[in-house]
There are 2 protein chains.
Amino acid sequence: MNTRQSEEKVTITDIAKASGVSKSTVSLVLNNSPLVRPATAEKVRATAEQLGYVYNRSAANLRQGVSNVIGMVVNDLSNSFFVELLIGAERKMLESSYITLLAHTAEDQNVQRQVLASMREHKAAGIIICPSFETPAELVTSLRQWGLPFVTVMRAFEGEETDFVGADNYVGIQMATQHLIDLGHKDIAFIGRNSTYAVSMERLRGYSDCLEKNGITPNTDWMIETAISLAGGKDGMSRLLDQTHRPTGVVCYNDLIATGALSELGNRGLKAGEDMAIVGSDGVAGSAYCSPPLTTLALEPEHLGEVASEMLLARLKNPDAPPMKYLLKPKLIVRDTCGAKRANR
Amino acid sequence: MNTRQSEEKVTITDIAKASGVSKSTVSLVLNNSPLVRPATAEKVRATAEQLGYVYNRSAANLRQGVSNVIGMVVNDLSNSFFVELLIGAERKMLESSYITLLAHTAEDQNVQRQVLASMREHKAAGIIICPSFETPAELVTSLRQWGLPFVTVMRAFEGEETDFVGADNYVGIQMATQHLIDLGHKDIAFIGRNSTYAVSMERLRGYSDCLEKNGITPNTDWMIETAISLAGGKDGMSRLLDQTHRPTGVVCYNDLIATGALSELGNRGLKAGEDMAIVGSDGVAGSAYCSPPLTTLALEPEHLGEVASEMLLARLKNPDAPPMKYLLKPKLIVRDTCGAKRANR
DNA sequence: CTGAAAGCGCTTACAG
DNA sequence: CTGAAAGCGCTTACAG
């Protein structure tokens, strides 16, 4: 790269002059159009390089009416599940020469509104959104009206058919619950009930239905309402352990809750997998390094992120295709906190 | 918002016509210029709203030569330290009405080069960068040549005076090591040596110097080289425990390593804080929920992220100010893995 | 305080 | 395969 010229801004007009072709041809070359003779293209590219040319995306965006940025709206980056999802999605986008405009809403509706508006102003080509708590279904209407393609991740909008990537929460939690039952547990609690949050209710229902299917009457005292966080998990376990009649097993809403619960167990000198069986959900990278290693459900967040990107890319190519859905079927990862390995000895 | 009109794209020209002023005035109003009479501004704003106007940033960027996006280049999102840093930085930027273009390099030089080039094309107003492993100092030259303001986070460039936000690694690790020595340990190992990585060498030096200052001869067999990851920590601890002469305390490069080490300890039926004293570094949110809770160094990643944003914002306001530095002094957080609480009983 | 005019750097039909 | 021309929607001096 020639350092001197790169200081002054060089445009396609300069390249055109220097290489003896028209602006149009330069533009075509820059966009890898097959219309240009290879020899010409090569010459143009060499000139661009030599002049220290930098493509100006703002100009292209203005002209074309869209940009090559993809908005990524994430509700909770303090949960590694969403971080891993973000990593997968971002990597895939980069491979397709898009770049990610990130916004962390921290479950705040106002922030979500603000960033979405900003992404619209930036002429984002599309949006991947993990909606924050209690996002009204009208958001879907707005996004459509704006002509902004989007795929929804993990949290579906009630009554709306949108492109969606998620996991089968109901089936997953049933597998987790059944696993505990198969190990001989009858007194099983659930930590992470959150009535304002559809996914929580879905998982709770999976837990509850599974108990009933096995002839066990669900105990509402054991459906612990907490914040979805490490602190919430710890607090939830604490409240559970303070009850006079303790359960022997616990299904946790997710790995964050499970990790917090494990921590409280340790504080009380109790051992997961021996004194109490614990199962999480999500299969976050850290779950394998809990002490003891956490039995959980693999939801493959990074994979889900990649799928979300691919789906959005497909949507951009084909705006009128029918709504797409990807529902991952969780797999049980048996590690130590459920006690299965001990039981097998 | 009027739904019908928002479908066709309305521009400032439309607003100008509809409200009986010139384009210039509309532009001034949109940018909150004090030059416009309040009554006029109000009228213009109402018209804009009514027509369903959407500001077109691409046009503004083209005209102004810069955008309102800030590039955030992060080396390792699988380390919560950087995630928390990102959260802090992003929130601060949003408050200042910037929006974050995120790139995760996953310690890959090629990806880093690619995303930086892309951010340049997008006319990013500035960059916050946590450089990936072995980033050559020439990157600084490029960035300067490009006229792209940036602040470097955590990893400084050797021989380059750049705006920098980081922590005093040397002093921090000495505090951690001294804490173990004060608890009576003499045989202290270090997990997370990585000779290609300056921060690791800095922390290793803090550990080593602290031992010597206390009349203890450092044992190179106990300076465990590993990947900086959960797996690396687990593996490092495993190799340490396989040695015939085991240490009684371990200083870990960071919380990721410490968490992995804790996990291996648990697998072997050993208890941190009793059979082996462990200290981490970084003070990631999850460190409080390890089992047992991790004694570590508070580096306040979220705060560092905020500081990085503020520093970049200051730099944008004042391009010619001398280089700025922020070096956080770590604080020791005593929890359970060091055994101090037991010792005090 | 407000308006008329120029121009930022691209892309895209349209000719040839 | 290549060129001339128009225009995307803003902002910014410059007048008044």
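Let us start with an open sheet of 12 strands, in the order E11(A)-E5(A)-E4(A)-E3(A)-E1(A)-E2(A)-E2(B)-E1(B)-E3(B)-E4(B)-E5(B)-E11(B), with mixed pairing. Strands E11 (325–328) of chain A and E11 (325–328) of chain B stand at the edges with a single partner strand each, so one side of each has no neighbour in the sheet. Strands here are DSSP runs of E with at least two residues, helices are runs of H or I with at least four, and both are numbered from the N terminus; two strands pair if DSSP finds at least two bridges between them.

This is a predicted model, in which local features need pLDDT of at least 70 and side-chain atom pairs count only at pLDDT 80 or more, while totals for chains, interfaces and linings use all residues. Residues are numbered from 1 along each chain as its sequence is written, with chains lettered from A and ligands numbered from 1 in the order in which they are written.

Where do the chains meet in the sheet? E2 (residues 99–104) of chain A and E2 (residues 99–104) of chain B run antiparallel, joined by three bridges. Leu101(A) has Leu101(B) as its bridge partner in E2(B).

Now turn to DNA strand C. Of the 26 residues around DNA strand C (C-beta atom, placed from the backbone, within 6 Å), Ser27(A), Ala59(A), Val21(B), Ser22(B) and Ser24(B) come nearest. The elements giving two or more residues to this surface are H2 (23–30) and H4 (57–64) of chain A, with H3 (23–30) and H5 (57–64) of chain B. H4(A) provides the largest share, five residues.
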